[in-house]
Amino acid sequence: MDAFIQGFHQIANLSTIIWMSIGSIVGIILGALPGLTATMGIALMMPIAFQLPTATGIGLLLAVYCGAVSGASIPAILIGIPGNPNAIATVEDGLLMTKKGKAGEALGGTVVASFIGGIGSLIVLVLFSPLVARLTLAFGPAEKTTLALVGLVIIASVSGKNILKGLLMGAFGMALAFLGTDPFSNQLRIPFAKLLATTPLARGMDLTSALIGLFGISQVFFELSKPFEKTAKVDPIKIDKIFPSMRKLRDMWKIILSSLGIGTLIGAIPGTGASIAVFMAYNSAKSITENSKGKLEPLGTGTLEGVFAPEVANNAVTGGALIPALALGIPGDAATAVLIGALMVKGVTPGFHLFATNMSLVYAIFITMLLANIFMALFQLLGVRLYPKVLSVPQQILLPLILILSFIGAYAVAGQATAVGMFNLGTALFMGLVGYFLKKDNYPIAPIVLGLILGGMFEENFRRAVKLAGGNYLVFFTKPICLLFIGFSILSIALPAIKQRRERRK
Amino acid sequence: MVLSALYFIYVISLGSSTMIGDEVGGDPGGMVLPLFLAIFMFLVSAALFATDRKDPSSSQGGMTSSQKRLFALTAVVSLLYVVLARPLGYILTTLWLLYILTFYYIQGDVVLKDLKVSLIGFVSSTVVMLALYSIGRKITRSLLLAARKGSIPSLLGSPSAVAGITLVVVTALFVALLFLSRKLLAKWGKSGSVHSAHISALVAIATTEFIYLIFRQLFLVELVRGIITW
């Protein structure tokens, strides 16, 4: 109880409320703008979070995360273009509802659905993450090594169409994580060591600058390589009824529960993400409506049921993805990978140690997650008539703003150290260009981030495990938990590879 | 493949170092994992080279010449920003980056005929920015000094209050500028490039000042001053 009160104290201040409100609004706007993702929003907000107290900073990032996931439904409903892949399944029924003159009901419905999804998954997060974290008590260095391997391999194997590209990017991220000094001998491990020994690179690649470059700057260059998107024309929409009736909500209880379960579960499996969950929830809702004996309207005809199912699921992913992220340090998706990066920049390492030594911060994170969902619902409802206007901001103005915010963000992390800040600018630009060329050739970016985050954990535990085993590399095959993780890693490579081969043959 | 081969050579050239106090042995050394990664990356790249066929649909959407020019402009301006931010300072480099990119993005191409208008906008936005910045600095310093002397409540001298007050005043001045510039433009007539210069200047000035107030005055991040020393 003391820890809860301490956690509450960490966020019970005006600064947290203000920054989380800003985070929610920024998140909704970023989510609503096609092409801009929740991950990019979190990466761009990281430097501000870095300047704030830990709990407030994490609250700001969670607010951006929840806002961006929910905000993606706005263009999906109004113009049939999802703000990001989280809202793909919302398009069909959402757009049909708009055409029927029910845009207000669809937009309001997504807010209620997102809120239910977010809060429901938060309850699961609060109940299960301490239990999962407790499991890691049985983990020694060998188990932690294979756990990091699982995180890396899963993300690498499911992101992108080509599994080899994912694995290559994961390895590339790890190679970047190995830059700096050897954690056990302090030997410099950077190219041109004589030249770069006095630069910040000697302490390793700056995570924030790398993330900002990979998700912010690379996106600007990527958008530039395509023709500028024409500003979306949103026809004047009559928005009268916003809230779905209580009766309608009662009728949809099966859809809500199944979508909540699917979203939370899929979110908790590393590497899967909301774009899979929304389709599963939509399909599940389809079969529920078919068996409802006319009580529910069929999906695909512009119904609230078709909007509710994916929207409950995509926001349920947020809480689900935080379970492995907080309890194991293994992110559920790219957005939570950046969140873990933000925690690490703040000197907080997720995992059992966090739950054992800093439970007040864990509670503070839970409370900020609750607030993030409340603010998301509040600001989306308040701005239900305003957000459609956001869609008219042209890319020509947006892209320079993202570029400069990326640069300033990378610089600002250094605080008072201008020399480090200038070096970070260079790192961000370099990683931005690297990210652009990789994206252009369809290489996934998320595994690089995972490699960067988990590389250090992997190396330290690998060397510790081998050292404790007296130099025996086979130690990883002698422990049951390790074998389980290794088996899981092999399966997560083999299954998508078999699927890809079958698809190619077809 | 070439990069992973280079990485392999780099790892070998670094050599291995063992844990401090590893007299009894057992530490695999710092080279094992990077070496494994280099070999792994080489093998995966080789497999990709052999199996990855370019998606024919992806090669259809090549960049047009105007897109290429905008892309190159962005790369060059970004590089110049990184190089010149320290000697010239945050205010000027940020303003110029934003102005140049916004102007040419709105125009849709980098062409010589826009140079005159873009230069006029460039100089005007610099002058207005320096004026706004100077006024903002004056307000900030006056408030801090007054709070230190005790002539105003100390609360008004806190970084967030000073940033807030400065933001309000600067925003009011900016809104006045917005109306004034609109009236002037209405008199001169709005050609395409003049309109672009107007929008770009406003976006650049507002963003530069806003970021300055948030990061420098609220979060006390040391944004480099460069040649703007006041």
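A residue is called buried under 20% relative accessible area, exposed over 50% and partly exposed in between, computed with a 1.4 Å probe on protein chains only. This is a predicted model, in which local features need pLDDT of at least 70 and side-chain atom pairs count only at pLDDT 80 or more, while totals for chains, interfaces and linings use all residues. Residues are numbered from 1 along each chain as its sequence is written, chains are lettered from A and ligands numbered from 1 in the order in which they are written, and side-chain values use heavy atoms, with hydrogens and water left out.

**Stop 1: A:Asn186.** Select the loop between strand 1 (180-181) and strand 2 (188-189) of chain A, where A:Asn186 is found; helices (H or I, at least four residues) and strands (E, at least two) are DSSP runs, numbered from the N terminus. A:Asn186 counts as exposed because its relative accessibility is 56%. Its phi is positive, about 65°, although the residue is not a glycine. Most residues other than glycine have a negative phi.

**Stop 2: A:Glu460.** The relative accessible area of A:Glu460 is 32%, so the residue is partly exposed. Leaving aside residues up to four places away in sequence, A:Glu460 touches A:Pro183 and A:Phe184, a contact being heavy atoms within 4.5 Å. From A:Glu460 to A:Phe184 the C-alpha distance is 8.1 Å, across 276 residues of sequence.

**Stop 3: chain B as a whole.** Now display chain B, which has 8 helices and 0 strands. Its C-alpha trace spans about 70 × 55 × 25 Å along the principal axes. Of its 230 residues, 42% count as buried. In chain B, 70% of the contacts with a separation of 6 or more join residues 24 or more positions apart.

The average for chain B is 86, and 95% of the residues score at least 70. Among the elements of chain B, helix 5 (residues 90-107) has the highest mean pLDDT (95) and helix 3 (residues 56-60) the lowest (52). For the complex, the predictor gives an ipTM of 0.90 and a pTM of 0.83.

**Stop 4: B:Leu220.** Finally, select the segment after helix 8 (192-218) of chain B, the place of B:Leu220. B:Leu220 is not a glycine, yet has a positive phi of about 55°. With 42% relative accessibility, B:Leu220 counts as partly exposed.

Notes: pLDDT = per-residue confidence, 0-100.
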